[in-house]
Amino acid sequence: MRQIKGYPVIVNEDGNEYSFTTSLGFQYSVYFLPAKEDYFSDYPEMPDDIYLFGFSLLNGTDNQRIFDEKIAKTICGILIEFFSNHENVIIFICDSTDKRERHRNITFNKWFHHFDVDSLFEKIDKVLEYDTLNRYYLSLLYRKDNPKKELYLKAFLNMTAGLEK
């Protein structure tokens with residue numbers, strides 16, 4: 001795995017939200033929200049170590065940004081730290097509010113392969129397509145050495161199958 005050095009990061013008290021500021025003053029939030037109760041309540045045997053993962057720009061707009069590799073490094077570094085607990089699992093749902101979800105999915109996949117995190121993690125991708133205008137890109141991400149990965153994979157596939165039209 002490549003050395004990943006990004007921007008300095010501040011972690012909130014709960015340890016579920018990280019923030020950083022770029023050299024141009026853009027502020028980002030990276031968050032992990034518990035997902036079991038909302039998405040996997042049909043799986044009482046599933047541990048609580050499954051989270052929704054996301055990140056967002058807190059100030060400015062996407063149009064103002066320029067490419068900054070340290071943003072990718074920072075977010076990937078946060079993910080690697082989060083997965084120091086081998087049993088943590090995340091679901092990444094690409095934000096679709098501005099119709100740029102496909103671009104976010106492509107960007108996240110590039111980061112995943114560029115920083116060689118695929119040597120440590122397994123990533124399962126799903127695209128839920130309701131019609132030509134509504135597509136949702138989701139990914140399940142867990143460490144390859146996660147002892148409960150089969151349970152998480154089964155639950156994720158069942159959950160996404162239940163959401164498909």
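**From hairpins to cores**

In this predicted model, strand S1 (residues 10-11) pairs with S2 in the antiparallel sense, and two bridges link them.

On its way through residues 17-21, strand S2 presents a covered face made up of Tyr-18 and Phe-20, whereas Glu-17, Ser-19 and Thr-21 belong to its uncovered face. S2 also pairs with strand S3 (residues 27-34), in the antiparallel sense and over five bridges, and here Thr-21 stands opposite Gln-27 in S3. S2 and S3 form a hairpin with five residues between them, and Gly-25 in the turn has a positive phi of about 90°.

The largest nonpolar core holds 28 residues, of which Val-30, Phe-32, Phe-53 and Ile-90 touch the most other members. At least two residues of this core come from each of S2, S3, strand S4 (50-57), helix H2 (69-82), strand S5 (89-93), helix H3 (101-114) and strand S7 (134-143), with H2 giving the largest share, seven residues. Taking Ile-90 as an example, and leaving aside its neighbours within four places in sequence, one finds it in contact with Phe-32, Tyr-51, Phe-53, Leu-79, Phe-82, Phe-83, Ser-139, Leu-140 and Leu-141. Apart from this core lies another, of 17 residues, which includes Val-89, Leu-128, Leu-138 and Ala-155.

Notes
Residues are numbered from 1 along each chain as its sequence is written. This is a predicted model: local features need pLDDT of at least 70, side-chain atom pairs count only at pLDDT 80 or more; totals for chains, interfaces and linings use all residues. Side-chain values use heavy atoms; hydrogens and water are left out. Buried means under 20% relative accessible area, exposed over 50%, partly exposed in between (1.4 Å probe, protein chains only). Helices (H or I, at least four residues) and strands (E, at least two) are DSSP runs, numbered from the N terminus. Two strands pair if DSSP finds at least two bridges between them. A nonpolar core is a set of buried Ala, Val, Leu, Ile, Met, Phe, Trp, Tyr and Cys residues joined through side-chain atoms within 4.5 Å. Contact means heavy atoms within 4.5 Å.
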